[in-house]
Amino acid sequence: MREPNGTPRIGVYVCHCGTNIASTVDVAAVRDAAESLPGVVLSRDYKYMCSDPGQELIKHDIAEFGLERVVVASCSPCLHEETFRGAVGEGGINPYFFQMVNIREHDSWVHRDIAAATAKANDLIRAAVRRVRFHEPLEPRRVPIDPRVMVVGGGIAGIHAALTLANAGKQVYLVEREPSIGGHMAMFDKTFPTLDCAACILTPKMTQVRAHPNIQIMTMSEVEEVSGFVGDYRVRVKHHPRFVIEDACVGCLECIDACVFRNGKTPDEFNLGLSKRKPIYIPFPQAVPQVVVIDPEACIEFRAGCRKKTCVEVCAERNAIDFQQEVTYDEVTVGAIILATGFQAFEASRLPQYGYGRLDAVYTALEVERLVNASGPTEGSIVLRDGSTPTSIGIIHCIGSRDKNTNEYCSRVCCMYSLKLAHLLKEKTDAEIYEFYIDMRTPGKGFEEFYNRVEEEGVHFIRGKVADVYPEAGNTGRVVLQAEDTLAGMVRKIPVDMVVLATGLEPQPDAEDVRRTFNITCGSGGFFTERHPKLAPVSTFTDGVFLAGACQGPKDIPDTVAQAGAAAAEALALIDAGHIELEPNTAFVVEERCSGCRTCVGMCPFSAISIVDGKAVINEVLCKGCGTCVAACPSGAIRQNLFEDEEIFEEILGVLTHV
Amino acid sequence: MATEPMIRIEADRDPEFAAWFTGLVGEEKLRECIHCGVCSGSCPLASHMDLGPRKLMYLAREGWADDVLGSNTIWLCTSCYACTVACPQQIPVTDVMYALKRKAIEAGKAPKRHPVAVMAKQFSRMVHRRGRMSEAYLIAGLALRSGVHRYVGMLPMGVNAVRTGRISLKLDRIRRRKELTALLDRVEREREEVAAS
């Protein structure tokens, strides 16, 4: 084992973190105990080491007392290792002559016994003091960054993020799996609480995306595989066939009129099956790109062969229809990725007591959005499946939310969109409207005022969750909603013509696959996890991959747009620097000891090791410092910066000294 | 019109009852009740209950012991489990009912000669002694202890049930009854020990 580089002069700093640490750990005792450790020339405690005065203290002591190593015992390195390394560097010594000890998350927050927690803090600091003596001067690695960005998902989040980046002069690939961008927002009628029309505010942005020279839209496309690392992601994109040549089609829609199907027979996805479309169609009038798409499941050319091919005939001049199209792939390189893959609405038939799919009177909220929409299946008039207009309507909150049998979390938007639908339905039908809610959650700018407005409009608010929905006796076509009116303390049965289920928001069905593709994490509800809920809300644990919109958790349009802007700004800050600095904790090979056995090559999860002239060579840029090869090497030829054998053994000895 | 004071003071509350109740296995979930009312809404007998399951559970967890143990709600519960299935917080509502029935009997608060309470008692006594249910004797015991007049109208149906073999007049029992009795006594003793600690 190597000897420490002389006997470096060590300074130890113990942070109170307000009362976070100081209430469970006796910091003064810890400070005194550290002072007596070999090599320690100075030991201090301070209320907030991360504050400016705290950092100044370190810088001052390095100059004043000639400190050569610094140990800070405070919170998790995830939070402030960067901060203290910066301070140490500015103090004039190598920033890696520093070791952080976590006595908050690993100690004060998880223990109650003050004596034991104090002893643990002493052990951890002793370990750090012993290890830091062996630290070598290191330089962070610098790698260049590809200035292009990929945005996955073309809803309002993806659109806003893409536009922000494109306006800043960055090249953006916008990947969308549907035939048009627009996402869920394009399906909505009005937006709460201002009641501006969703299409009126969304379609101008969609048009900007289409026209922007810096944005390349890839519709009907999905990300198949991601390799590489921050600054240099290689993304393989799969393009599904549209059977229409995008560059040739001008969106005249003559082919739709010419189709041999006189009427549509296939449920229209955009109207959630409330209307029918033809095999050749455009998802909705303002679709971007303005290009038709052919559904091979419905088109008879793909099943039996179409004798007439009237669509091809009518498009003879532009010749945009191509039945031969197949799946194609593209590989693009980008420096950063923004995931804006959105949500799916809760499948209401999972709760059979509400009768969705069984009782004609029952609709989901998203279906009602289409019903009230002027460009929807009924051109905005409220016509039920049986052709009638409702005179009484029940809206049931929390369908698939706040329910441990489905999703435990609150979906955040349902109270407000239910109020909005109550207002719109009242306006259009003057029906009696009953809202069944558990708690009315209206925390947002102008939300409570909107709630008051809907109350004034005469909507009945019943505090209680509907327990049962069943057909009224006598074949009236109406259904009865049975619920406890908890404020009145009685069970009520209310017959209505129409039921609206306020379905919650769930992760996309393939969120788990997406998570794996992009190497990020999902929380308990299945939504993507941000790096830190407060301080890094749009970052992920994978550098260069950012989150925007409802893929990170249920949220409304204002929050989604704000988050998309933040994700774009983070991505911009990353790629605009031109290069990034990476942790120098890489592994390296001691050539004379390497036998060329290749054990490490297969073990490396990042494919960073290759064999050159019979010896292992580690690509520093690819190495993530996981240490697998170091442990696996049978001849002990691989070492790792910041995790040298001496450093680890001294740390272990330090912890175990008193045992 | 007579008026009674509607205000309750904190001294009327029984925190020990609340602590006992929420301390039962499974009942700690009661603290998570969000008062959506789906239990009362789904209860087929809520229309005849004074409190209904939601109010009953709230009063129980807050320690209003007299209101809870004196309510008819616990005796009307038929254990159909509709509330338990529907509860978004997965509170075992039916188990709550059983725990409270037991407590009411122990506290002498069970309504005298109430058929549900009498039936429960008869049932457990018969199982305890004989290890098997003999319906004819169960019904007879129930009728004698809760008032014969209640069952006069059902007599023809009872006769039919006996004639078609739906109810046997034989007094059944298991072999090695003593072992079962010892087993049940042991359970009861342990339960009491747990309750005492």
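**Notebook: cores and a buried strand**

I looked up the largest nonpolar core in this predicted model and found 166 residues; Ala161(A), Ala162(A), Leu174(A), Ile338(A), Val499(A), Val500(A) and Leu501(A) have the most contacts inside it. For my notes, such a core is a set of buried Ala, Val, Leu, Ile, Met, Phe, Trp, Tyr and Cys residues joined through C-beta atoms within 7 Å. Buried means 20 or more other C-beta atoms within 10 Å of the residue's own, placed from the backbone. Helix 12 (residues 414–429) of chain A gives the most to this core, nine residues. Helices here are DSSP runs of H or I with at least four residues, and strands are runs of E with at least two.

I also noted a second, separate core of 40 residues, including Tyr13(A) and Val129(A).

Next, strand 6 (residues 149–152) of chain A. I found both faces covered: Val149(A) and Val151(A) are buried on one side, Met150(A) and Val152(A) on the other.

Which strands pair with strand 6 of chain A? Strand 7 (residues 172–175) of chain A does, parallel over four bridges, with Leu174(A) as the bridge partner of Val151(A). Strand 18 (residues 336–339) of chain A also runs parallel to strand 6, joined by four bridges, and there Leu339(A) partners Val152(A). Pairing takes at least two DSSP bridges.

Housekeeping: residues count from 1 along each chain as written, and chains are lettered from A, ligands numbered from 1, in written order. The model is predicted, so local features need pLDDT of at least 70 and side-chain atom pairs count only at pLDDT 80 or more, while totals for chains, interfaces and linings use all residues.

How values were computed: A residue is buried if 20 or more other C-beta atoms lie within 10 Å of its own, exposed if 12 or fewer, and partly exposed in between; C-beta atoms are placed from the backbone.
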